[in-house]
Each structure stands twice: as C-alpha cells, then as structure tokens.
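These are my notebook entries on one protein structure. I set down what I looked up, entry by entry.

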Amino acid sequence: MRSLRPIHVIGGGLAGSEAAWQIARRGVSVVLHEMRPVRSTAVHKTGHFAELVCSNSFRSDDADGSAIGLLHAEMRRLDSLVLHTADVHKLPAGGALAVDRDGFAGAITAALESEPLIDIRREEILEPPAEWDNVIIATGPLTSPALAETLSRQTGEAALAFFDAIAPIVHRDSIDFDVVWFQSRYDKAGPGGSGADYINCPLTRTQYDAFIDALLAGEKTAFHDFEAATPYFDGCLPIEIMAERGRETLRHGPMKPFGLTDPHRPGQKPYAVVQLRQDNKLGTLFNMVGFQTKLKHGEQARIFRTIPGLGNAEFARLGGLHRNTFLNSPKLLDATLRLNTAPRLRFAGQITGCEGYVESAAIGLLAGRFAAAERLGDTPALPPPTTAHGALIRHITGGHIETIDKGPRSFQPMNINFGLLPPLACGTRRDARKQALCARALADLDSWIGAAMPHAAE
Ligand SMILES: Cc1cc2nc3c(=O)[nH]c(=O)nc-3n(C[C@H](O)[C@H](O)[C@H](O)COP(=O)(O)OP(=O)(O)OC[C@H]3O[C@@H](n4cnc5c(N)ncnc54)[C@H](O)[C@@H]3O)c2cc1C
C-alpha cells in the first residue's frame, strides 16, 4: 500500500461524516476535525457525528416518483454511510424515511471511530494550515464564527445568510387520543410504516380561523439589526409567515386535510389537520410536521394548546429560529467543489448552497470521492447530469443562472428536485415522466459507477 498524506475534513456533520467515510473506503487516510463537544453550535445538542438538528426525516423514500427518493436510491448504490445507517435506524413514517436520531448519530459515530484510516480530532479549526494540501470544509450552516471570518476573507465576499426555523416536539402521553387518531395520508405504508404512522389533530373551520388569528397576533422573536434584511428559505418557512401570506396558505400546506378520515367523527371532514410524526424509537416523542416557528416560547405553548388534542400538550422542545450561511458557489467553486482561488480547499454540505440532510450528505459523498481520487492520482469524474447527484452538483457549481437585476445575489440553497434534471426527449407522457427520469438516472448512475470510479468498490 502506498503511504499517502492524509486528507483533512473539517466538520463531522452529515457531509463531513460521509466524506470521511468515502475517503477511507478508497484506502486513503483522513483526519476528521470536529469542534463538538469542545465547542458547540446554537442548535447541536450532542458530541455525535451527523447529528440531526431538527426534523428526524430524510423525506420521501419513493425512488420512482420523487427526486429525494431518487437521491436516496443513488446514495445506497454509492455505498453511503449515511443512507445505510438511516436504513438500519428507520422509524415508521408513511412514505418517508425517518430515523431514530440518537440511534442514527450514535451508529455513524461508532462507524467512524472504528475505521482505522480515520483519525478523529475534537477541535475547532480557525484556519486550515497552509501545509494541508487536500482539505474538505464541511462546517455547515452554523460554521463557527472564526472560520466563517477566515472564509469570508479568503473568498473576498461576505457569505449570504438566510433563516431556518425548527419545529416543536410533543410528548405522546400528553396528547388526547379521544380527539386525535393515527393515520398516514391515504393510508400509505412506505418503508417500515404501517399506513397509520402520523397523529392527526382535526380542526373545524371556526377552530382554524381562531388559530390563524392567534398566529398573526402572537408575539414573535425579535431580529437583531444585522439580521433584519435576511430572507427566509422557502422550504422552511415559519408557520406565522405562511399565515401572513394568506389565511388559507397553511390549509394548502402543512395543515392540509386531504387523505385523512377522522374515526371519531367519520361523517365530518376536518377543515384542516395538524400532523405529528414519531421522533424517537421509543415512540414517546412526536414532532409537529411543518410547524417551524419563530413565535416566542410562551406564545407557542399557549397557541399550540388550542389545537384539538393538544390542550394539555407537554413540549420536549419548542420551535426556534437560526441564521444560516453559505457560499456563492457558482461564482467561487470549480466543477469538483474546489475554491477557484485556492484549489487545495474543497467544500461540501450545506455551506455549498445545497439544502437538507440528504443533499448535504450527497455532496459530502461526492467531495470525499473527488478528494480521494485526486490523492490517488486519478482525475475526479463527475456523475452524469441526468443523475440526482450530477444535477445537484451542477446546480451548485454553475447550473444556477445569476439574476441580471441589481440587489441581493440570486443563488439560494436548493433541495434536490426534478427541475434540476435535464428534460426527457419529447413524447413521454406527463404521468410517466417522473418514473422515466428516475429510471434514466439509475441506469446512468450504474454506468458511471462501473466506468468512472475505478476505486469505488474496495
Ligand atoms: C436550525 C436548523 C434547522 C434545520 N432543520 C433541518 C431539517 O429539518 N431537515 C433538513 O433536512 N435539514 C435541516 N437543516 C439543515 C441541516 O442543518 C443541514 O441540512 C445539514 O445538517 C447540513 O449538513 P452539513 O454537514 O453541511 O452541516 P452540519 O450537519 O451542521 O455539520 C457541520 C459540522 O461542522 C462542525 N463545525 C462547524 N465549524 C467548525 C470548525 N470551525 N471546526 C470544526 N468543526 C466545525 C459543527 O459542529 C458540525 O458538526 C436545518 C438547519 C438549521 C440550522
């Protein structure tokens, strides 16, 4: 075996953990620098690698009809530590892949700690030393201020910020089961689910109207001056902001009543429904789906207890609001995620401008493979643009078209979606289009794995 200098990975979140794993799988040694638990962020609670800071869901696992399900399928084929561990620790969640967060992060930590090629150092990196010639920076949306300052200097721009909000978690034994019921929308079972995985709280029209009034009037967390101009990420809007956009917006979003029948009142269709999804393996905690909020804590408890079934709800965690930072990647990074002005530095995860646990891990997976290929003297090969991985990385590194208008830059964090994949040739029926896009992606990915990644299958 050749003796190769290690690759340095900074940050052991979803992206850094996956990157380190992929590098080690290729026989290259890694030093993984993680600042927790020595120094934490505003939202992490443990010293575990790949801690999930909010929802415990990896979203839809439908590899035939959803872009995120396709990304899951591709990651499984690419020997992803994150997906493999999620599969082992999955919880019932209808069509979604949800995990027991402690079991998941504990298993990722154990896997990394027991890998002989990975040297773990619990320390904050303020600036990657000049002698590190192959570095992956995967420090996420809450990159420590000192490193953020270094990056800002190095890239010549201030990182753009936006807000992410987190949803409350309720103790199951404080929920009134004479009012609520278990059911997944349209009774969909999904991976490991039963078709009855969500707790549903029904609202009449009068109750919904009163709830919207309370949200609109509720006291919100104040912004700092420097945050005042920061926009929201649309996929994670606080409920009170949705309510401000229109009284019916929530009924068409997280509170939609469709595909659900109230067994306590079978003849009466609810006007709106609040859903809660299992949050831990024991089934003692449930999170309020889509209920990210920046209401003050006292207001959250008061207003959410007006929801039928939650009159005596005890909250294990209330919602909150946090700033996020990411690079203007289309301008700053090359096709394999290296900083144009300092190619020894490669970026991965949410700091590159992808959004979500799975997308961050997927970009970590690619960054790890690219860095290892470079170290082994190979040319990193990009996944085809027709795959979810290929589409996502191209969006980050150049697929996005900058607005020609003056004002804030238009590159925004992006979840994987079918709009990022090249369209099919004409003639595919609309209803068959998603399936065809998924089938094409997986076939192209298989060819890429076979042809382009000589070190892929040790
Ligand atoms: C409040 C909030 C709520 C969110 N909710 C969701 C959600 O519900 N669903 C979802 O899919 N995504 C959610 N996200 C996005 C989510 O954080 C990311 O998708 C994912 O965690 C990003 O992975 P990452 O590896 O890039 O960053 P992270 O998982 O955050 O990992 C970065 C790691 O780097 C470490 N670190 C930071 N600076 C340094 C340093 N200088 N030196 C050493 N280590 C350092 C941190 O301790 C951390 O462990 C949320 C984000 C926030 C902020």
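Before the first entry I need one definition: helices (H or I, at least four residues) and strands (E, at least two) are DSSP runs, numbered from the N terminus. I also note that the model is predicted.

**Entry 1: a proline in a loop**

I looked up Pro-423 and found it in the loop between helix H11 (388-399) and helix H12 (433-452). Is Pro-423 buried or exposed? Its relative accessibility is 69%, and exposed means over 50%, so Pro-423 counts as exposed. I then checked Pro-423 against Leu-437, which is 14 residues away along the chain, and found 8.0 Å between their C-alpha atoms.

**Entry 2: the chain as a whole**

I counted the secondary structure of the protein chain, which comes to 12 helices and 17 strands. The protein chain has 458 residues, and 56% of them count as buried. I looked at contacts between residues at least 6 apart in sequence, and 71% of these join residues at least 24 apart. For the surface, I recorded that the protein chain exposes about 18,700 Å² and that carbon and sulfur atoms supply 55% of this area.

**Entry 3: strands E1 and E2**

I turned to strand E1 (residues 7-10) and asked which way its side chains point. Ile-7 and Val-9 point one way, while His-8 and Ile-10 point the other way, and all are buried. E1 pairs with E2 in the parallel sense, over 4 bridges. Within this pair, I found His-8 opposite Val-31 in E2.

I next followed the chain into the loop between E2 and E3, where Pro-37 has its place. The peptide bond from Arg-36 to Pro-37 is cis, with omega near 0 degrees.

As a general point, strands of a sheet pair through backbone hydrogen bonds, either parallel or antiparallel. I looked up an open sheet of 3 strands, whose order is E3-E5-E4 and whose pairing is antiparallel. Strand E3 (57-60) and strand E4 (90-91) are the edge strands, each pairing on one side only. E3 and strand E5 (residues 96-99) are joined in the antiparallel sense over 2 bridges. Ser-57 has Ala-98 in E5 as its bridge partner. I also noted helix H2 (residues 67-77), which lies across E3 and E5 and runs at about 115 degrees to E3.

**Entry 4: the sheet of six strands**

A further open sheet has 6 strands in the order E10-E11-E12-E13-E9-E14, and its pairing is antiparallel. Why is one side of E10 and of strand E14 (315-317) left without a neighbour in the sheet? Both stand at the edges with a single partner strand each, so one side of each has no neighbour there. I examined strand E12 (residues 272-278) and strand E13 (residues 285-288), which run antiparallel and are joined by 3 bridges. Helix H6 (residues 205-217) lies across E11 and E12 and runs at about 95 degrees to E11.

**Entry 5: two residues with positive phi**

I looked up Tyr-186, a residue other than glycine whose phi is positive, near 55 degrees. Tyr-186 is in the loop between strand E10 (181-182) and strand E11 (198-203). With a relative accessible area of 58%, Tyr-186 is exposed.

Leu-337 is also a residue other than glycine with a positive phi, here near 75 degrees. I found Leu-337 in the loop between helix H9 (329-332) and strand E16 (338-339). Is Leu-337 buried or exposed? Its relative accessible area is 0%, so Leu-337 is buried.

**Entry 6: the ligand**

Which residues come nearest to the ligand? Of the 35 residues around the ligand, these are Glu-34, Arg-36, Gln-350, Gly-356 and Tyr-357. I asked which elements supply at least two residues each to the shell around the ligand, and among them are helix H1 (14-25), strand E2 (30-34), strand E8 (160-166) and helix H10 (357-375).

An N or O atom in the side chain of Glu-34 is 2.7 Å from an oxygen atom of the ligand. An oxygen atom of the ligand also lies 3.2 Å from a backbone N or O atom of Ser-55. A polar backbone atom of Ile-125 is 3.0 Å from a nitrogen atom of the ligand. On its own the ligand has 970 Å² of accessible area, and the protein covers 96% of it.

Technical notes
Residues numbered from 1 in each chain as written. Predicted model: local features only at pLDDT ≥ 70, side-chain atom pairs only at ≥ 80, totals over all residues. Heavy atoms only, no water. Pairing = 2+ DSSP bridges. Contact = heavy atoms within 4.5 Å. Axes fitted to C-alpha atoms, helices over the stretch in contact; angles between N-to-C directions. Buried < 20%, exposed > 50% of the residue type's maximum accessible area, 1.4 Å probe, protein only. Near = heavy atom within 4 Å. Polar contact = N/O pair within 3.5 Å; in protein donor to acceptor, adjacent residues only side chain to side chain. Areas by Shrake-Rupley, 256 points an atom, 1.4 Å probe, with all protein chains shown as cover.
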